[in-house]
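User: I would like to learn how to read the features of a model like this one, step by step. Could you take me through the general idea each time, and then the case at hand?

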Amino acid sequence: MSTGKVYLVGAGPGHPQLLTIKAQELIAAADIVIYDRLVQEDTLAGVRPDAEQIYVGKKPGLHHSLQVEINQILVDAAHRAKVVVRLKGGDPVLFGRGGEEAEHLASAGIAFEVVPGVTAGLSVPMAAGIPVTHRDYSHSVALVTGHRRDDKDTEAPHWEALARMDTLVFFMSVGKLPQIAQSLMAHGRKPDTPVAIIQMGYWPEEQVVVGQLRDIAQRSEEARVKPPATIVVGEVVKMRDKLTTLHRDLRRDDHQQKGFGISGPTLMRRLGAGIRASRDVLAALELDLFEQLDEPTTPEDLASSRSFQVDPLRDLLANLAALGLLLRSSGSYRNAEAATRFLKKRSNEYLGDAVKELIEREEKYAPMEKLLCS
Ligand SMILES: C[S@@+](CC[C@H](N)C(=O)[O-])C[C@H]1O[C@@H](n2cnc3c(N)ncnc32)[C@H](O)[C@@H]1O
């Protein structure tokens with residue numbers, strides 16, 4: 001029977017001050033933190049230095065599902081630690097697979113709790129001065145995802161019903177903007193309906209593009225909007241003219257970046273982690289570790305098959321897992337997608353030589369010597 005509890009925690013849309021108090025407390029208490037791509041690094045600054053951090057994020061487009069592996073990582077973590085925090089961007093159950101993970105934990109008999117978060121769907125529009133409801137403009141709002149499970153892609157969204165909602169908020173839809181605009185117009189929405197697309201709300205890269213259904217796809221392309229972005233359709237977008245506040249407290253802009261935007265100790269930890277990461281990857285390449293880890297293998301088995309010392313090997317494998325290059329499950333490690341594609345010699349996309357060359361070049365880099373030689 002497991003002793004640990006898994007908390008499925010919402011990390012909010014990106015600003016560290018939009019974490020709930022409960023989320024902050026859990027991040028500080030966690031033995032293991034398992035986090036996604038849309039979790040700000042500053043949010044992780046509160047993690048205990050001795051806590052294990054496991055990155056399970058994926059880039060858009062590389063989404064053949066790792067959910068089965070993530071479910072297994074959660075169960076495994078609950079067997080190894082008391083407080084396991086699964087951090088997810090926004091709210092954990094809104095298009096965040098939190099419901100699926102809770103279902104899996106429940107069926108595995110693991111104690112869990114869902115800690116709600118501030119969803120991007122409601123907060124990101126407001127970063128651009130757009131309240132999703134307003135008594136003059138909108139009495140209904142629908143939250144819609146542009147991404148469906150691969151095996152359910154044939155089901156069309158309910159355009160007729162969606163077109164009748166006052167406000168529509170689309171998640172994961174940047175690449176589908178032309179079809180969304182066309183479908184809404186084809187189902188009765190006027191071409192001059194206001195639309196806003198907000199890229200990376202509450203992140204330093206925040207950008208807002210405003211238009212109408214007829215031209216928003218082109219405007220978004222011209223502005224090179226990239227995911228993650230939230231799209232708002234409806235008359236409420238007009239409120240932006242009155243409500244946009246440039247001097248928001250909850251903003252992370254260039255001005256803040258000049259002061260690093262992070263605390264001194266966090267910056268030092270990041271620099272140290274960068275130096276350590278390059279050495280760990282170089283060691284793994286030199287030792288051909290990625291060639292050995294197609295199948296789950298324990299540090300003990302790998303150490304004995306290669307005559308390595310087991311303790312340093314265990315540390316090295318844990319560091320490579322923290323970089324997202326290895327997956328850890330039930331005490332075993334195996335290659336994550338990046339390691340298999342880019343760091344295995346047999347792969348068509350092998351980048352190991354380039355990595356070695358870069359690191360070796362940097363090791364010969366000696367600014368002190370150059371500066372001081374007469
Ligand atoms: C997998 S969904 C997760 C949604 C999350 N659970 C929530 O409640 O906000 C990811 C999508 O949320 C939206 N999103 C999340 N954070 C965002 C942000 N800071 N700015 C704009 N959109 C964001 C984007 O549409 C992105 O593609």
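Analyst: We will go through the domains, the ligand shell and a few backbone features in turn. This is a predicted model, in which local features need pLDDT of at least 70 and side-chain atom pairs count only at pLDDT 80 or more, while totals for chains, interfaces and linings use all residues. Residues are numbered from 1 along each chain as its sequence is written.

User: Which domains does the chain have?

Analyst: Domain bounds come from an automatic or database domain assignment. Here the assignment gives domain 1 (5-118), domain 2 (122-248) and domain 3 (264-363).

User: How many residues of domain 1 are in contact with domain 2, and of which class are they?

Analyst: Two residues are in contact if their C-beta atoms, placed from the backbone, lie within 7 Å. By that rule, nine residues of domain 1 are in contact with 12 residues of domain 2, and the side of domain 1 that touches domain 2 has seven nonpolar, two polar and no charged residues. For these classes, Ala, Val, Leu, Ile, Met, Phe, Trp, Tyr, Cys and Pro count as nonpolar, Asp, Glu, Lys and Arg as charged, and the others, Gly among them, as polar. The C-alpha centres of the two domains lie 27 Å apart.

User: Where does the ligand lie, and which residues come nearest?

Analyst: A residue is near a molecule if its C-beta atom, placed from the backbone, lies within 6 Å of it. Domain 1 and domain 2 both give residues to the shell around the ligand, so the ligand lies between them. Of the 25 residues around the ligand, G90, G96, T119, A120 and P228 come nearest, and the shell divides into 15 nonpolar, eight polar and two charged residues. The largest share, three residues, comes from α5, where helices (H or I, at least four residues) and strands (E, at least two) are DSSP runs numbered from the N terminus.

User: What joins P227 and P228?

Analyst: A cis peptide bond joins them, with omega about 0°; P228 is found in the loop between α8 (216-222) and β10.

User: Is Y202, with its positive phi, buried or exposed?

Analyst: A residue is buried if 20 or more other C-beta atoms lie within 10 Å of its own, exposed if 12 or fewer, and partly exposed in between, with C-beta atoms placed from the backbone. Y202, a residue other than glycine whose phi is near 75°, is buried, because 23 other C-beta atoms lie within 10 Å.
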